[in-house]
Amino acid sequence: MTDNRSSPIAQNLSVALQPFRQMMGFFQPFIQAMAKISQAVAPYLEGFVRYHKFIDSVRATGWLPYHTLSIGYVEEYADDTALLENHISSFYKNTWDNIRQDIESRLTQYNISEETKETFREALSAHEIGHYRCVCSLLFPVIDREFRIHFFQDSAGSISSKKMLEKLTNRGKLNNFLPREAYGWILFKFLVRHLYEPVDDGNRQQYQQDYVPNRHASIHGLLPYSTHKHSINMIIMADYIFQILTDTSGLPSPKQ
């Protein structure tokens, strides 16, 4: 049998590969460092992927994500959208007392007028007794009222919803887009791309199929928002908007 170690081909190959061995030796510390970084980052990437799957699963049901809704609860039923929709509905009904207490405990600290706080409490009471169609009718006008107070010196003149939204989102740095959880990004997306978009015959059906209420459709009577899901989603968005108003630096205190 031929000894490959003395073969000219083997010797030539060994010589040819020597620069690559030296190069690998040069990069070895870098490779080891990258391996350690990858190992450290992996849990965060896994959490990022898991959280986005959580948001996608919740949105497929028509609900908005909220900090009281755990990832584990959603993951248990994530493979069946209809089943998940029913379980989230049951969750918001069965834990309503805790959700309301949580909102009211923070409501006292919000930088909004006492009139708006009382109206929000009335909306929570209306939801509690099943008067779901009242919630949008109560909350959209007082949200407009707070925009008017904070950004337009409480002017009585005509102000478009687009100008109101621009004042909120273009005021500079918002200290906290993400109250409690990263789900705040999806709420911010709905705030700037959904709640204040004009609704007409061209997009009316699109908005009708989404359970997140739209201000224009609600105030002008273009779409009915009368279900438990509409009501919860409106409460979540109002709570989020009031948090942003409170967390935005430089806003004046409302007249009480």
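Read along the sequence, the chain shows the pattern α-α-α-α-α-α-α-α-α-α-α. The model is a predicted one, in which local features need pLDDT of at least 70 and side-chain atom pairs count only at pLDDT 80 or more, while totals for chains, interfaces and linings use all residues. Residues are numbered from 1 along each chain as its sequence is written, and side-chain values use heavy atoms, with hydrogens and water left out.

**Exercise 1.** State how many helices and strands the protein chain has.

*Solution.* Helices (H or I, at least four residues) and strands (E, at least two) are DSSP runs, numbered from the N terminus. The protein chain comes to 11 helices and 0 strands.

**Exercise 2.** Determine what share of the protein chain is buried, and describe its largest nonpolar core.

*Solution.* Step 1: buried means under 20% relative accessible area, exposed over 50%, and partly exposed in between (1.4 Å probe, protein chains only). Of the 256 residues in the protein chain, 43% are buried.
Step 1: a nonpolar core is a set of buried Ala, Val, Leu, Ile, Met, Phe, Trp, Tyr and Cys residues joined through side-chain atoms within 4.5 Å. The largest such core holds 61 residues, and those touching the most other members include Tyr-92, Phe-147 and Met-237. Helix 11 (residues 228-247) supplies the largest share of this core, 11 residues.

**Exercise 3.** Classify the ring pairs that Phe-147 forms with Phe-151 and with Tyr-196.

*Solution.* Step 1: rings of Phe, Tyr and Trp (its six-membered ring) pair if their centres lie within 6.5 Å; planes under 30 degrees apart count as stacked, over 60 as edge-to-face and the rest as tilted. This rule gives 7 aromatic pairs.
Step 1: the ring centres of Phe-147 and Phe-151 are 6.1 Å apart and the planes are at 50°, so this pair is tilted. Both residues belong to helix 6 (residues 133-151) and, being 4 residues apart, are separated by about one helical turn.
Step 2: the rings of Phe-147 and Tyr-196 also have centres 6.1 Å apart, with planes at 40°, so this pair is tilted. Because Phe-147 lies in helix 6 and Tyr-196 in the loop between helix 8 and helix 9, the pair ties together parts that are 49 residues apart in sequence.
Step 3: Phe-147 is buried at 0% relative accessibility, and Tyr-196 is buried at 6%.
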